[in-house]
Amino acid sequence: MELAPPAVRQRAEQATGACTNAGKGFPARKKNTNVAAVVVARELAGWCRSLSVMCN
């Protein structure tokens, strides 16, 4: 992570928080755990794409 530019590091920290929080509300609303997993996966994919675009 030390090799990454500061802007990319900051964006990665935002991604960590967003992916952690993405599926937290689903159990309280009695949603299927598979739905929560898909939501988190989509969120992670979007952040990965965002970071890859910033690095190129």
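Which residues of α2 are buried? The views below take up this question and others on a predicted model.

**View 1. The buried residues of helix α2.** Ala36, Trp47, Ser50 and Leu51 are the buried residues of α2. Part of their cover comes from α1, residues 6–22.

**View 2. Helix α2 from end to end.** Helix α2 runs over residues 33–55. It has 23 residues.

**View 3. The start of α2.** Here Asn32 and Asn34 come together. A side-chain oxygen of Asn32 reaches to within 3.0 Å of the backbone nitrogen of Asn34.

**View 4. Lys30 in the loop.** Lys30 sits in the loop between α1 and α2. Its phi is near 60°. That is a positive value, in a residue other than glycine. Is Lys30 buried or exposed? Lys30 has 76% relative accessibility, over the 50% cut-off, so it counts as exposed.

**View 5. Helix α1 packed with helix α2.** Two packed helices are described by the angle between their axes and the distance between the axes. For α1 and α2, the angle is about 175° and the axes are 9 Å apart. The two helices are therefore roughly antiparallel.

**View 6. The residues where α1 meets α2.** From α1 come Ala7, Val8, Arg11, Ala12, Gln14, Ala15, Ala18, Cys19 and Ala22. They meet Val39, Val40, Glu43, Leu44, Trp47, Ser50, Leu51, Met54 and Cys55 of α2. In this contact, 14 residues are nonpolar, two are polar and two are charged. Trp47, Ser50 and Leu51 belong to this contact and are also among the buried residues of α2.

Terms used. Residues are numbered from 1 along each chain as its sequence is written. This is a predicted model: local features need pLDDT of at least 70, side-chain atom pairs count only at pLDDT 80 or more; totals for chains, interfaces and linings use all residues. Side-chain values use heavy atoms; hydrogens and water are left out. Helices (H or I, at least four residues) and strands (E, at least two) are DSSP runs, numbered from the N terminus. The expected span of a helix is 1.5 Å times one less than its number of residues. Buried means under 20% relative accessible area, exposed over 50%, partly exposed in between (1.4 Å probe, protein chains only). Contact means heavy atoms within 4.5 Å. A polar contact is a pair of N or O atoms within 3.5 Å; within protein, one must be able to donate a hydrogen and the other to accept it, and residues adjacent in sequence count only if both atoms are side-chain atoms. Axes are lines fitted to C-alpha atoms, for helices over the stretch in contact, and angles run from 0 to 180 degrees between N-to-C directions. Angles under 35 degrees count as roughly parallel, over 145 as roughly antiparallel, 65 to 115 as roughly perpendicular and the rest as oblique. Ala, Val, Leu, Ile, Met, Phe, Trp, Tyr, Cys and Pro count as nonpolar, Asp, Glu, Lys and Arg as charged, and the others, Gly among them, as polar.
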